[in-house]
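Please examine the structure shown below.

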Amino acid sequence: MANIKELASKGNFFSPGHRACAGCGGTIILRLLSAAAGENTVFVGATGCMEVVSTIYPYTSWKVPFMHNAFENSAATASGVESAYRALKKRGKINKDINIIAFGGDGGTYDIGLQSLSGAMERGHKLLYVCYDNGAYMNTGIQRSSATPFGASTTTSPAGKEIKGKMQHRKDLTEIMIAHNIPYVAQASIFYWNDFVEKVKKALNVDGPSFIDVLSPCPLGWGSEPSASVELSELAVSTHFWNVFECENGKYKINVKPKKEKPLEEFLFKQQRFKHLKNNPELVEELRRYLNEKYQNLLKKEECSNR
Amino acid sequence: MTKIVAKTGNEAMAEAMRQINPDVVAAYPITPATEIVQIFSSFVSNGEVDTLFVPTESEHSAISACVGAAAAGARVMTGTSSQGLALMHEVLFIAGGLRLPIVICEVNRALSSPINIHCDHSDTMASRDAGWIQIFSEDPQEAYDQTILAMKLSEQLFVPSMVTTDGFIISHAMQRVEIFDDNEVQEYLGEPKRPYNLLDVDNPITVGPLALQDYFMEIKVQQANFIKESRSKIKEILNDFNKKMKRDYSVVEKYMMDDAEFCFVALGSTAGTLRYTVDRLRKEGEKVGLLKVRFYRPFFEEDIVESLKNIKGCAIFDRSDMFAGTGGHLFNDVKSALYNSSSRPFLKDYVYGLGGRDIDVEDIESVYRDIKEFTENNGKGETVKYITVRE
Amino acid sequence: MKKNWKEVEIALITKGGTAEEFKTGDWRSEKPLYKSDKCKQCLQCWLFCPDSSIIVKDGKMLGIDYDHCKGCGICSKVCPFDAIDMVKEEK
């Protein structure tokens with residue numbers, strides 16, 4: 001188990017002075033991620049909030065090597081970095097052990113970068129891909145993505161008189177990654193920081209590709225209080241909006257089974273993106289039905305895969 | 001010691017890649033370039049090279065992986081064509097901006113639509129502004145030599161290169177090729193040189209940052225200036241290549257130009273047919289020559305202007321069209337190069353061979369008659385003519 | 001002095017962590033006040049601060065880096081011991 005004092009004494013590799021919004025969940029993810037991975041790590045970031053806020057020339061928040069190529073290709077780029085690393089190691093030009101981590105937002109991961117991610121995972125590169133999942137294209141101004149939850153209002157799925165926000169459920173990217181039969185796939189939430197840190201360490205230790213999807217509260221895009229980001233990360237889990245689980249070599253494990261489940265509304269109505277659902281309780285019911293089904297399925301998968 | 005073998009353009013490029021023995025090759029199949037990486041992957045499978053081969057799921061990912069690998073300090077190559085190069089388009093500019101020494105073996109093929117697998121230069125021309133060196137090959141020999149040369153140029157200048165052959169005409173045509181010894185190639189290239197190294201965890205760098213209004217222009221002007229200055233360095237490196245590897249290449253190649261009054265200007269495989277036609281016309285007493293442009297990017301403006309200074313009428317052969325109503329790419333570049341020159345020949349563009357349409361000696365002879373007439377009429381009339389087309 | 005075109009690096013930042021020189025403290029509209037007497041050194045604030053603005057030395061919370069703190073209030077909210085108050089920022 002990770003220990004706060006230990007983490008704090010080693011520090012992280014993501015310095016302040018970045019231009020993320022106050023209360024940004026993505027930067028909390030990067031701080032924990034870089035602290036868990038340690039100094040011999042190379043990051044490859046997709047175009048998006050976290051890349052933009054952290055590398056405005058001549059300022060960089062990265063205290064470890066960082067590379068940005070384009071929006072849809074951070075996994076392919078990282079697969080090139082990893083191939084170079086292996087080739088140079090084979091030729092004796094590098095002797096250090098180096099972690100390679102690619103990351104992107106949900107737009108760069110679920111949507112435009114899905115092909116690149118799938119290819120890199122299928123080819124078996126030893127790299128960890130982390131998606132900071134805030135459920136919309138926040139960097140361009142809160143447009144819907146395939147990770148936007150049902151009912152959420154975004155600038156391209158605005159809640160209007162006829163259409164009440166996004167009318168499709170989220171794409172289940174974590175399951176798509178599991179279907180790639182890679183050794184390690186997980187979902188995490190920053191509230192369970194210890195679980196997240198352990199997952200990063202586990203992922204970096206497998207001999208092959210790994211993927212972690214982390215819920216990333218976004219005060220601007222969610223219409224939530226900047227101070228509420230950590231609280232929302234807890235509520236998302238205890239309402240089953242977001243499941244904290246892993247799939248290691250095909251075996252599922254739900255890492256957090258909320259002892260006291262909370263009503264979905266507690267999570268939803270701390271966010272402006274869902275406020276129109278107050279007048280549309282049938283949509284809340286539909287979201288609840290979908291989330292419960294997901295959780296029940298997850299319980300079954302946990303049971304079946306461990307039999 | 002060199003040896004003589006029979007190779008197609010694709011085989012010759014694959015052979016050059018084997019001898020270069022890059023650290024990483026990331027590629028995706030596309031006609032007519034598929035063979036290059038196909039042959040190369042058999043070298044990988046048989047342990048003839050130390051390369052790590054990354055068979056990506058698209059050309060976009062292939063060039064993205066090349067960018068990642070090159071930033072990480074590896075010697076990197078790939079091969080592609082047409083739609084593949086077009087799919088790489090976005091990342092070509094990034095590789096240029098990041099100044100990564102990547103070499104692409106590019107086989108010229110028409111861009112869709114209609115879809116077509118045969119040669120024209122629309123694919124390479126569409127990427128001419130990406131900040132890459134672009135070298136055209138006339139035959140498998142040049143394809144082979146220039147692949148090795150390109151690696152050297154890219155690593156000396158920190159500018160990526162694409163070496164092109166003409167689809168099927170060169171890529172699949174077998175010719176005599178003189179091959180260097182493996183160790184000669186290794187000795188010539190030496191250890192890879194890199195502008196920076198992402199994997200140096202002790203000296204962490206940030207590659208590809210966001211640069212806004214306060215710095216973007218400085219970074220791009222630096223790149224533009226470097227490319228401008230690179231022309232003299234390319235000449236030095238080419239001379240050195242000629243000396244060490246016993247070749248006789250120049251950035252633009254003049255044939256029978258000394259006393260010529262008229263000339264043809266062209267890129268790639270058509271130069272061979274043009275040279276043959278020049279010989280035929282010369283036998284009839286016509287004062288005609290050929291200017292073959294080897295380097296299209298950077299554009300050797302001064303050399304071209306100098307070569308054309310005593311020419312009365314000049315026929316530009318373009319295997320691509322800009323769809324701007326002003327003809328092809330080479331024509332427009334040559335035309336603007338000549339604008340401030342005191343001695344300007346009459347220029348006319350002959351767009352030919354799109355989608356692999358053949359061009360033969362008779363076509364070229366009629367171009368010769370046409371450019372003569374155009375010149376005698378002081379350049380009156382249309383300046384762009386589509387040839388090898390049913391009227 | 002900003003670098004001219006001959007001096008800039010090739011699309012590159014050659015040193016790590018230079019963002020620290022960029023102060024984001026003036027973004028604040030609210031300010032966290034640290035009450036050391038109530039602090040039990042659990043470091044929850046350090047864990048969750050998006051701006052690495054909780055100063056920790058030898059495993060001990062020492063205070064707040066006002067040069068970078070954007071005043072989001074997460075530290076105050078996650079503190080189980082009520083050791084951080086949010087107050088209006090005064091210029």
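## Basis of the report

The structure is a predicted model.

## Helix α6 of chain A

Helix α6 of chain A covers residues 114-122, and its buried residues are A:Ser116, A:Leu117, A:Gly119, A:Ala120 and A:Met121. Within chain A, these buried residues pack against α4 (74-90), α5 (106-111), β4 (128-133), α7 (173-178) and β6 (210-215). They also pack against α3 (59-71) of chain B.

Just after α6(A) comes A:Gly124, which adopts a positive phi of about 80 degrees.

## Helices α1 and α2 of chain B

In chain B, helix α1 (residues 9-20) packs with helix α2 (residues 34-45) at an angle of about 40 degrees, and their axes lie 8 Å apart. The two helices are therefore oblique to each other. The crossing of α1(B) past α2(B) is right-handed.

On the side of α1(B), the contact is made by B:Asn10, B:Glu11, B:Met13, B:Ala14, B:Glu15, B:Met17 and B:Arg18. On the side of α2(B), B:Glu35, B:Ile36, B:Ile39, B:Phe40 and B:Phe43 take part. By class, the contact contains seven nonpolar, one polar and four charged residues.

An α-helix has 3.6 residues a turn, so residues three or four places apart point the same way. B:Glu15 and B:Arg18 are both buried.

## Salt bridges between distant parts of a chain

Over all chains, the structure holds 53 salt bridges. In one of them, the side chains of B:Asp333 and B:Arg297 meet at 3.2 Å, N to O. This pair links distant parts of the chain, 36 residues apart: B:Asp333 is in helix α11 (residues 329-338) of chain B, and B:Arg297 is in strand β13 (residues 295-297) of chain B. B:Asp333 counts as buried because its relative accessibility is 13%, and B:Arg297 counts as buried at 13% relative accessibility.

In chain C, the side chains of C:Asp51 and C:Lys70 meet in a salt bridge at 2.8 Å, N to O. C:Asp51 is in the loop between α1 (44-48) and β3 (54-57), whereas C:Lys70 is in the loop between β4 (60-64) and α2 (74-78), 19 residues apart. Both C:Asp51 and C:Lys70 are buried.

## A network in chain B

A network of salt bridges links B:Glu138, B:Glu142, B:Glu253, B:Arg275, B:Lys292 and B:Arg294.

Notes. Residues numbered from 1 in each chain as written. Chains lettered and ligands numbered in written order. Predicted model: local features only at pLDDT ≥ 70, side-chain atom pairs only at ≥ 80, totals over all residues. Heavy atoms only, no water. Buried < 20%, exposed > 50% of the residue type's maximum accessible area, 1.4 Å probe, protein only. Helix = DSSP H or I, 4+ residues; strand = E, 2+ residues; numbered from the N terminus. Contact = heavy atoms within 4.5 Å. Axes fitted to C-alpha atoms, helices over the stretch in contact; angles between N-to-C directions. Parallel < 35°, antiparallel > 145°, perpendicular 65-115°, else oblique. Left-handed = near helix turned anticlockwise from the far one by under 90°. Nonpolar A, V, L, I, M, F, W, Y, C, P; charged D, E, K, R; others polar. Salt bridge = Lys/Arg side-chain N within 4 Å of Asp/Glu carboxyl O.
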